[in-house]
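Welcome, and please open the model in your viewer with the sequence panel beside it. We will go from stop to stop, selecting a few residues each time.

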Amino acid sequence: MGLCQRWRRLRLSGLQTCRLHTAAVPAPPQWLAERLGLFEELWTAQVKKLASVAQKEHRTIKISLPGGQRVDAVAWSTTPYQLAQQISSTLADTAVAAQVNGELYDLERPLETDSDLRFLTFSSAEGKAVFWHSSTHVLGAAAEQLLGAVLCRGPSTECGFYHDFFLGKERTVRGSELPALERICQELAAAAQPFRRLEASQDQLRQLFKDNPFKLRLIEEKVTGPTAIVYGCGMLVDLCRGPHLRHTGQIGGLKLLTNSSSLWRSSGAPEPLQRVSGISFPTMEELRAWEEGREEAELRDHRRIGKAQELFFFHELSPGSCFFLPRGTRVYNALVAFIRAEYTRRGFSEPPDSDRLSSSLSDHAPSHPADTLALKPMNCPAHCLMFAHRPRSWRELPLRLADFGALHRAEASGSLGGLTRLRCFQQDDAHIFCAPDQLETEIQGCLDFLRSVYTVLGFSFRLALSTRPSSFLGEPCLWDQAEQVLQRALEEFGEPWELNPGDGAFYGPKASVSLLQIDVHLRDALGRPHQCGTIQLDFQLPLRFDLQYKGQAGAPEHPVVIHRAVLGSVERMLGVLAESCGGKWPLWLSPFQVVVIPVGTEQEEYAREAQRRLQAAGLVCDLDANSGLTLSRRVRRAQLAHYNFQFVVGQKEQSKRTVNIRTRDNCQLGEWDLTEAVQRLLELQNTRVPNAEQVF
Ligand SMILES: [Zn+2]
Ligand SMILES: [Zn+2]
């Protein structure tokens, strides 16, 4: 089929499947036609070559399949897809890629040697990555066809994919163009075009991408061997390692989400790029379910709750700063007070501290004194100075120093978003200086701290131990010992945990070489993952600051430092909690604990007195004496505002010094003596129960 025919058929099928489709797709540009022509030529040659290799060798290879079963296959001919079909048609339909001796493979790529074969489906994280990565090629093809885009890169992300492309220095992609782009993506998916893997020489690569300066630069920088892999899919030919889906028809539902700008930074002068992001699923039903979940999430968005409940606001004059209002301050302080109470119980001290330090301390290591002050990005240097200010003895260890001081980070303005990422925030940060033989107990203490706080907050959590990266500083035996200590502490702790070998790269090149870390992944009440707390073991910091103490035997020794946080950024945690409870705060955190509602104007004075009693006890209490509204309207209004409790006072309550109590879920708790009600509320607040309304 010629190119024009192919193009026309594609357009026609689009018109047939979608009558509303009015986007004018321009005729394919000459370079696109040439590139595809060359690809077809090379593809035919590769198919021929493979067939002859398979025939000439005719070698039987042994494949071990997932359930332990072993089967025979033909080298250079049998594909993972054929084997999946032998196992079950469901597997063949749902598999997105294969893993062959640990390497990711296309399902249609012939096996070469004896292999250990696994199949990936959309249900796994790796499967999703393949699925979304394949989807971004579809988006790239649509952008080429509709916008004449020059493609740059298209990765999968944690939740979907994006494609960066160049439209010229002036042209940007508009939000109004997304629907047309999305329709073309859907047509391409419906056309079930196969992904075809081709090995091409450096010369052929340069020929294929001669009209794309970005790919030419990538070829020059990244292709080190004589050949590299390109994939053809419909009209698209792209430089890519793969693997991909068998064909675009596996993408049952696809939605484009955002358009924005980005920057080509790989090499040469930075170029303005356009970015379109999207998400896709194997079926339309899964896409719909995801969309519903997203709507629910938007309703729960902490920025929306923060505005509706007047908790905090942001201002364009100070991007990345959060301004807390009285009600938000109440939640904030309740959270901090909770951690402070734990500090007292657990032997931490919290020295007051400045948010500025000499700039010579700002990069985490001391040097010569400097006259300039820098905003503090972290607390570790200050705590090291406190440890070092006089000689220390082993008897003083462990020394546990905590700090809620404001921290400052130079976050890029594009990455700021609500409370999730701020330029200025507070952390429940602490450092534990201990002797090596105290490490296990201290780590266990950190884990226990974490569990008791997360339990109160209604979170579950998973732990993972990241062991040392391949390049590391210091003595290997020290690392081995520390890894063993952490593993023992985790075992002892009794919660499930997993191992992430050599995962240190996450912390960037500078820090990766000196930290051992326990990753804490918490799940909120909606089951959504967040990373908030950290426990890190540091051998290098005490050496850089030359921290010493007099050991039991009298000789100087270096302490070990544990950096740890439970809430992480208090601001961010407040956002997580707001979304987790959907604005229905548990009593102890609630900025809407009680509203007193007098039935008529005659009870207003008594209602005020009740309000004063509650406030004097340290509870948050408002009064709704608007007699222009009926009692039931005011009760309803209080419930919609998520006041944990409503105290209604009429004539009878006034004369008996009682209150009639309802909860925000409109459960009637009946008449209570005012003093007793205040006592009960205080009890429930101080024990931080999650469900005060039910257990009142
Ligand atoms: Zn790819
Ligand atoms: Zn630290």
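Before the first selection, one term: donors are N, O and S atoms within 2.8 Å of the metal (3.2 Å for Na, K and Ca), and water is not among the atoms, so sites may look incomplete. This is a predicted model, in which local features need pLDDT of at least 70 and side-chain atom pairs count only at pLDDT 80 or more, while totals for chains, interfaces and linings use all residues. Residues are numbered from 1 along each chain as its sequence is written, chains are lettered from A and ligands numbered from 1 in the order in which they are written, and side-chain values use heavy atoms, with hydrogens and water left out.

**Stop 1: the zinc ion**

Select ligand 2, the zinc ion, and show what surrounds it. Which protein atoms are its donors? They are SG of C380, NE2 of H431 and ND1 of H563, at 2.1 to 2.2 Å from the ion. Along the sequence, these donor residues follow the spacing C-x50-H-x131-H. C380 and H431 link distant parts of the chain: C380 belongs to helix α12 (residues 380-388) and H431 to strand β20 (residues 424-434), 51 residues apart. Helices (H or I, at least four residues) and strands (E, at least two) are DSSP runs, numbered from the N terminus.

Are C380 and H431 buried or exposed? Both are buried. Here buried means under 20% relative accessible area, exposed means over 50%, and partly exposed is in between (1.4 Å probe, protein chains only).

**Stop 2: the whole chain**

Zoom out. The chain has 22 helices and 32 strands, and 48% of its 696 residues count as buried. Its C-alpha atoms fill a box of roughly 95 × 75 × 55 Å along the principal axes. Contact means heavy atoms within 4.5 Å. Among contacts in the chain with a separation of 6 or more, 67% are between residues 24 or more positions apart.

**Stop 3: two nonpolar cores**

A nonpolar core is a set of buried Ala, Val, Leu, Ile, Met, Phe, Trp, Tyr and Cys residues joined through side-chain atoms within 4.5 Å. Select I443, Y454, L537 and M573: these have the most contacts inside the largest core, which has 63 residues. Then colour helix α13 (residues 439-457), which gives the most to this core, with nine residues. A second, separate core has 42 residues, including A97, F161, F195 and L256.

**Stop 4: F195**

Stay with F195, in the loop between α6 (178-190) and β9. Why does F195 count as buried? Because its relative accessibility is 9%. Now select H247: F195 and H247 are 52 residues apart in sequence, yet 5.5 Å apart in space, C-alpha to C-alpha. Leaving aside neighbours within four places in sequence, F195 is in contact with residues including S134, H137, Y231 and H247.

**Stop 5: K215**

Next, pick K215 in helix α8 (residues 213-222). With a relative accessible area of 4%, K215 is buried. Beyond its neighbours within four places in sequence, K215 is in contact with L151, C152, F209, D238 and L239. From K215 to D238 the C-alpha distance is 8.7 Å, and the two are 23 residues apart in sequence.

**Stop 6: the second largest pocket**

Select W43, Q46, L50, P110 and R197, which are the closest to the centre of the second largest pocket among its 28 lining residues. About 710 Å³ of space lies in this pocket. The largest share of the lining, ten residues, comes from α2. Both α2 (30-57) and β9 (196-201) supply at least two residues each. The lining divides into 16 nonpolar, three polar and nine charged residues. For this count, Ala, Val, Leu, Ile, Met, Phe, Trp, Tyr, Cys and Pro are nonpolar, Asp, Glu, Lys and Arg are charged, and the others, Gly among them, are polar. A pocket is found on a 1 Å grid over the protein atoms alone, as an open set of points where a 1.4 Å probe fits, with protein on both sides within 12 Å along at least five of seven lines; lining residues have an atom within 4 Å of a point. Grid points are joined across faces, edges and corners, and a volume is the space filled by probe spheres set on the points.

**Stop 7: backbone details**

Select G242 and P243, joined by a cis peptide bond with omega about -5°. P243 lies in the loop between β11 (236-239) and β12 (253-264). The peptide bond from L397 to P398 is cis, with omega near -5°.

Finish at E310, which is not a glycine but has a positive phi of about 50°. E310 sits in the loop between α10 (302-308) and β14 (312-313), and is exposed, with a relative accessible area of 55%.
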